[in-house]
Amino acid sequence: MGGPLSIAFQGAARTVTGSRHHIRFGERTWLFDCGLYQGHRDEADGINRTFVSPPGSLDTLVISHAHLDHIGNVPTLVSQGYAGRVHCTTPTAELAAFMLADSAHLMQQDAEHLARHGKARAGARPLYGAQHVTETVSRFVTHDYHAPWDLFPDVRVEYFDAGHILGSALTTFTFRNGERTFRLGMSGDLGRGHRPILRDPEHHPAVDAMVLESTYGDRFHASADATTRGLCEAVSRTIARGGRVLIPSFAVGRTQEVVATLHGLIRDGTCPDAPIFVDSPMAREATEVFTRHPECFDAETAEAFRRGGEPFGFRRLRYVATPDESRSLNDLREPCIIVAASGMCEGGRILHHLAHGLGDPKNTVLFVGYQGDGTLGRRLLDHATTVNVLGEPVRVGAEIAALDGFSAHADQGELVAWVTALDPMPKRIFLVHGDLGPAETLAGVLRQRTPAEVFVPEKNQEFALWS
Ligand SMILES: [Zn+2]
């Protein structure tokens, strides 16, 4: 047992998507995270299908959290012969079960759409089907925070709360070789303090080396107070003019946070009362997973839950189940708030709400998440006067507003504060899950503020950690 230890960065190296890190300890190899690379269809397909070592040769797999860019490619791995377990937290397993099923469904729909339009190429073949998702889910082995387990007799793993989404984990590996030990920390995605529902990110014990995300390595988010205030103001002025607030949002995490914040504002009388419709079947499933895991809540949410309160605003909230119910919201006359996926307006039920409501100057489209280049959300934020929605041109009359403080990722200040609070600090830090600019900027700051050697690895670059 034991032997040389190395790590190779096979995904999310100088980019924010497709997390995949390959750890080798002696004869054994495993992946930490196996996420979907999300980008241009043909390029993404090649990257997602190609594994550096045969999936059947991997001994195991450890997952940080349920976002698809961290777990969404596991069924591809399984479809190509991976036969081992998938270690994760319990909430991650529950969220991933329906998120992976939805991912398979969307791939199938996309392939059928391309086939109908005569564009079927290699990239149009789904990466995996429902059967591979079922197989993947059957391999989940779940672990609690602060409950170390032996991945192998000489490798101990422990999860800590990363405060990023429900069930998200910071992971430590402790490798043993005779009397010696080496500790490696993996941040996964690092969350932020002072957000609704979830606890603040924990610190794991000291490590010799760590892999840290750097999504916002060059940015600072608006404060939680400013974000709450901005939300309240946008809702108040829209309701005052008799309009509706359309909030494009990811179904898992962001929707629950926005609803919990709105609920608090309305309950306190800070914000005018208005019905809130969550028009996303997946958001409903996700909220059910949240309510099954009060052990993951911060003190305030846990206390409200214990008192029989409703931190997710159930009484005020209406879930919209069917597409017909969704369309019937168009006939509502009174002001309301509608939260629907997708977060960047690239699909989902938000589209028909936009088709119906974008032209009306009484309404507001309120963005609460990042809008990627080339997306409808980005075009709206960039002040387009007319956009195509569901194949039809729509003139933009509604107010367009954005709040960046709901981000689930630590910003530069929060990343640096988190690292410098580790005692002692790691000797080596590898920055991943960030585009080159943000990663290099964060590397510069960390080199000034810590004694660590800081690396921004290239894709597939391998580093020896311990001999
Ligand atoms: Zn994430």
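This is a predicted model: local features need pLDDT of at least 70, side-chain atom pairs count only at pLDDT 80 or more; totals for chains, interfaces and linings use all residues.
**Exercise 1. Find which residues belong to domain 1 and which to domain 2, and how far apart the domain centres lie.**

Step 1. The domain assignment gives domain 1 two segments, 5–219 and 408–466. Domain 2 covers 224–402.

Step 2. Taken over C-alpha atoms, the centres of domain 1 and domain 2 are 29 Å apart.

**Exercise 2. Describe the interface between domain 1 and domain 2 by its contacts and its buried area.**

Step 1. On the side of domain 1, 19 residues are in contact with 21 residues of domain 2.

Step 2. The size of an interface is often given as the accessible area lost when the parts come together. Here about 1,800 Å² is buried between the domains, with carbon and sulfur atoms giving 65% of that area.

Step 3. The residues of domain 1 that lose the most area to domain 2 are F98, L166 and I197, which together account for 38% of what that side buries.

Step 4. The interface also has 6 residue pairs in polar contact. Helix α4 (residues 90–116) supplies the largest share of the side of domain 1 that touches domain 2, namely 7 residues. By class, that side has 11 nonpolar, 3 polar and 5 charged residues.

Step 5. There are 2 salt bridges between domain 1 and domain 2. R292 and E94 meet in a salt bridge at 3.1 Å, N to O.

**Exercise 3. Work out where the salt bridge partners D154 and R28 lie, and whether they are buried or exposed.**

Step 1. The closest N and O atoms of D154 and R28 are 2.8 Å apart.

Step 2. D154 sits in the loop between β7 (149–152) and β8 (155–161), while R28 is in strand β3 (residues 28–34), 126 residues away.

Step 3. Buried means under 20% relative accessible area. With 6%, D154 is therefore buried, and R28 is buried with 9%.

Notes:
Residues are numbered from 1 along each chain as its sequence is written. Side-chain values use heavy atoms; hydrogens and water are left out. Domain bounds come from an automatic or database domain assignment. Contact means heavy atoms within 4.5 Å. Buried area is the accessible area (1.4 Å probe) that two parts lose on being put together, summed over both. A salt bridge is a side-chain nitrogen of Lys or Arg within 4 Å of a carboxyl oxygen of Asp or Glu. A polar contact is a pair of N or O atoms within 3.5 Å; within protein, one must be able to donate a hydrogen and the other to accept it, and residues adjacent in sequence count only if both atoms are side-chain atoms. Helices (H or I, at least four residues) and strands (E, at least two) are DSSP runs, numbered from the N terminus. Ala, Val, Leu, Ile, Met, Phe, Trp, Tyr, Cys and Pro count as nonpolar, Asp, Glu, Lys and Arg as charged, and the others, Gly among them, as polar. Buried means under 20% relative accessible area, exposed over 50%, partly exposed in between (1.4 Å probe, protein chains only).
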